[in-house]
Amino acid sequence: MMSKFFALIPAAGSGSRMGNKLPKQYLSLAGKPLIYHSVRTLCHSSEITGVFVVLAPGDNEWLKYDWSEFYSKLVVFDCGGATRAMSILNGLKVASESSSIGDGDWVLVHDAARPCLSESLLNKLLNELADDEVGGLLAVPLADTLKRGGTDNRVEKTESRKDLWQAQTPQMFRFRLLVDALYRPGSITMTDDASAVEALGLHPKLVLSDVCNLKITYPQDLILAELILRAQQEESYGE
Ligand code: CTP
Ligand code: MG
């Protein structure tokens, strides 16, 4: 049987580095809550069967918005955990109880906080990994020169950036592998899914992405994301 593709969006974080009381997934971006953009791109993909969103227990923001345009694919759980990895693991467990997801099906984990994922990058990831043994992730080779800081922010050393990549999402692994990887105690504090898979001795594939697929971490990232979204919209209207 053909493997299916599912997406899971962890959205149970508090956005502490953003410094806003409202969790960042609900901050306004291009007239919508930030998370809307990730939900939309994944739900619009004809390759993706279902999209799961994992909210923090007691989240009272989600229902302030109308999600009915996505009801054919979107399923929402309020089983978020104390860390990103726990939110994802909890979400995968509930998803397997409530949907037809099988061990060999693919799961694309994509941060709520990455609103500028383009349809073309998503398709590139799906195409490059659909027959892969391990799975992988979107990533970008490091562009800047790397400095190791020491006392008083004085440069200790310049590090080589050769072979260094910045990990993005979606990160795409088969359901059983992802659950087994995240279930290990050391995975709880890992900040991406690939790290947990790597800890099993496997080598996820780096799929070349670009910096437009940025993560919203600090307030100034919102300004950039708004510009990128606007440019992407103009591009798609122009077609
Ligand atoms: N996330 C989650 N559950 C957690 C922590 C994070 O589902 N316990 C989600 C966030 O909502 C976000 C994604 O994981 O969509 C990436 O995490 P990050 O950018 O670190 O978001 P926050 O943890 O919310 O932000 P911060 O680290 O600044 O507090
Ligand atoms: Mg975090």
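User: In this predicted model, how far does a polar side-chain atom of K215 lie from an oxygen atom of ligand 1?

Analyst: The model is predicted. K215 is one of the residues that come nearest to ligand 1. A polar contact needs N or O atoms within 3.5 Å. For the K215 side chain and an oxygen atom of ligand 1, the distance is 2.6 Å.

User: How much of ligand 1 does the protein bury?

Analyst: Taken alone, ligand 1 exposes 560 Å². Of that area, the protein buries 87%.

User: Which side chain has an N or O atom 2.8 Å from an oxygen atom of ligand 1?

Analyst: Ligand 1 has 18 residues around it, and G15, S16, K24, S87 and K215 come nearest. The side chain of S16 places an N or O atom 2.6 Å from a ligand oxygen. The 2.8 Å distance belongs to K24.

User: Which helix supplies at least two residues of the shell around ligand 1?

Analyst: The protein has six helices and 11 strands. Strand 1 (5-11) supplies at least two shell residues. So does the helix asked for, helix 2 (84-98).

User: How many charged residues does the shell around ligand 1 have?

Analyst: The shell divides by class into nonpolar, polar and charged residues. Six are nonpolar and seven are polar. The charged residues number five.

Methods. Residues numbered from 1 in each chain as written. Chains lettered and ligands numbered in written order. Predicted model: local features only at pLDDT ≥ 70, side-chain atom pairs only at ≥ 80, totals over all residues. Heavy atoms only, no water. Near = heavy atom within 4 Å. Polar contact = N/O pair within 3.5 Å; in protein donor to acceptor, adjacent residues only side chain to side chain. Areas by Shrake-Rupley, 256 points an atom, 1.4 Å probe, with all protein chains shown as cover. Helix = DSSP H or I, 4+ residues; strand = E, 2+ residues; numbered from the N terminus. Nonpolar A, V, L, I, M, F, W, Y, C, P; charged D, E, K, R; others polar.
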